[in-house]
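Biologist: Could you take me through one part of this model in some detail? I would like a close look at the place where the two chains meet.

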Amino acid sequence: MKKILLYASLVLVGVAMLVPFYWMFVLATRSTSEIFRFPPPFWFGDNLASNFANMLRTVNVFGSYLNSVIISTAYTFLVLLFCSMGGYAFAMYRFPGRDKLFGILLVTMMIPFMAGIVPWFIMMAKFKLINSYFALIVPGCANAFGIFWMRQYCQNNVPGSLIDAAKIDGCSEWLIFFRIIVPILPPAFAALGIMSFIGSWNDFMQPLLILRNSRLFTLPLLLRYLQGDPMRGADQGVLMLANTLAVLPLLIAFFAASKYFLSGLTAGAIKE
Amino acid sequence: MNSSTLSGKRGAISPLRSFLMQLKKNRVAYAYISPFYLLFIVFGLFPIVAGLYLSFFSWDGISKALFVGLRNYARLLTDPMFWKALYNTAYIGVFAHIFILGGGLVLAYILNSDLVKRKDLFKTVYFLPVVTSSVVVAIVFQAMFGTNSGLINYAIQSLGLHRIDWWGGKGDYIKPAILIMFVWRWIGWNMVIYLAGMQGIPHELYEAAEMDGARHSQVFFRITVPILKPIILFTILQSVIGTINLFTEPLVLTNSMKGGQNNQGLTVMMYLLDKAPWGNNLYGYASACAYVLCAIIVVFSVINMKLFSPDEAEKPTRRRA
């Protein structure tokens, strides 16, 4: 009996988590007048094709898709490159000031960067980086958390003897990193990469401040634009369809890789 | 002769020379870690320092900046709208995190125990909201909270209660609406962090407690929570920062930079960005605001560490030893 109650509450929480997604899918197939009816629609309608046509007429969803893909991919690639280099150096090299520098890195994780948000924006404007992807890709790409993460992984998984052997064989440092270290890192890449990609894909505040030209909009900006503009936002079906398209790739990817991803997240955190 | 000059030179080596030699010797390691420090100095440290400087000026971004001393701070702290935003933020933050942290902890405990099966499925479903964009989620919830055709009001009416005008009226229901969405979105994230911490708790401890006939509530409060204290501290700190940064969700939910009816959904971050750079051009004033918010975060962090640090009493002796 107790067990049934426990399952029931877990399932109830799960349903609460899923209902908004389900309803979003349902509304994406409905017309605006159906959406504003009472009681609200619970099952899929037949307005998907017309919503899709309307969406293509009003906004450039696929342009935004491309923008989001470019920014998130470039950002994730640089995060993995710089964080693995930094984490590897902190884990496997001995050099003067290493522990102090690592201490500084840890402290920076505690700094609320919002303190500098206004000068940050002014700086981007002065550098003529408004409406450029640089401001969204580069500043955060060598981040403290990622380096910390990769250092943990390197310490636990890269054998020092392997590096020594490679050095004796006359491998250059560069070659050691790309031929020997990088092939060991994919599990760490997976979790950090997914987190970075999701963060960049969903980011709203930074693109809002930086991207003022609607042709450059990422998906979250496009959706906000669709919602905020009373002329276009009035079409709820279109809005929900665009919403669905924006999250669907992440939902599918997460469902497919969730076991791997969640265990990677938890495994990385234990060793803190 | 030759060797003596060499050693003489070596003895007279300047600190700069030795520093440069070390730099050269370890150039690979320094090169590998340098991106972080370069980017941090340019895009992190510099803006923060400049923000403090700017907060003492009145500047619209075009004309000459005017030194105003502490007047930005004085104006900010006497602006009722700022206090309203701070109250709204605190209200949402405190009530939401009771559910987010408490609920996350309970869910993690259940999914870490042997009480249920299909744990991975539950974990995946609970984590789903974390993966999605705040904008998407907020747009969907805006529809769910719709007064006449929203799913939530339909459920409320089915229970025989009156529909709630979530966004209209005096705006009394705006904060609860934001809060509900906030809980929905972040409970899974905290659950995963706690799950990670729980994997570090040896299984024998649970078994011993079980043999002693401890109930689950006892195990939870006497074993799990105390051991997880540092992680709970970490999540609380993250939550404080996350709450102060709360911006996208209320903006999209209320569909206004002012936080909807009677500014009931106005958060401090919306207030700040509305001054500059998103709304107006009060750069100095917005910087002062950012610094006040940071001060709040720092004060919270210190209190948190004092309250939760498990070995606070031992630390000084340890350092001396």
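Modeller: Gladly! Please keep in mind that this is a predicted model. The contact is made by 86 residues of chain B together with 94 residues of chain A. Between them, chain B and chain A bury about 8000 Å², and 81% of that area lies on carbon and sulfur atoms. On the side of chain B that touches chain A, helix α3 of chain B (residues 27–54) gives the most, with 19 residues. Sorting the residues of that side of chain B by type gives 64 nonpolar, 18 polar and four charged.

What about specific pairs across the interface? The rule finds zero salt bridges between chain B and chain A, while it does find twelve residue pairs in polar contact, with both residues at pLDDT 80 or more.

While you have chain A in view, have a look at one of its loops as well. L129(A) lies between α6 (117–126) and α7 (134–137) of chain A. L129(A) counts as buried because its relative accessibility is 12%, under the 20% cut-off. Leaving aside residues up to four places away in sequence, L129(A) touches M124(A), F134(A), A135(A) and I210(A). I210(A) is 81 residues away from L129(A) along the chain, yet their C-alpha atoms are separated by 7.6 Å.

How values were computed. Residues are numbered from 1 along each chain as its sequence is written. Chains are lettered from A and ligands numbered from 1 in the order in which they are written. This is a predicted model: local features need pLDDT of at least 70, side-chain atom pairs count only at pLDDT 80 or more; totals for chains, interfaces and linings use all residues. Side-chain values use heavy atoms; hydrogens and water are left out. Helices (H or I, at least four residues) and strands (E, at least two) are DSSP runs, numbered from the N terminus. Buried means under 20% relative accessible area, exposed over 50%, partly exposed in between (1.4 Å probe, protein chains only). Contact means heavy atoms within 4.5 Å. Buried area is the accessible area (1.4 Å probe) that two parts lose on being put together, summed over both. A salt bridge is a side-chain nitrogen of Lys or Arg within 4 Å of a carboxyl oxygen of Asp or Glu. A polar contact is a pair of N or O atoms within 3.5 Å; within protein, one must be able to donate a hydrogen and the other to accept it, and residues adjacent in sequence count only if both atoms are side-chain atoms. Ala, Val, Leu, Ile, Met, Phe, Trp, Tyr, Cys and Pro count as nonpolar, Asp, Glu, Lys and Arg as charged, and the others, Gly among them, as polar.
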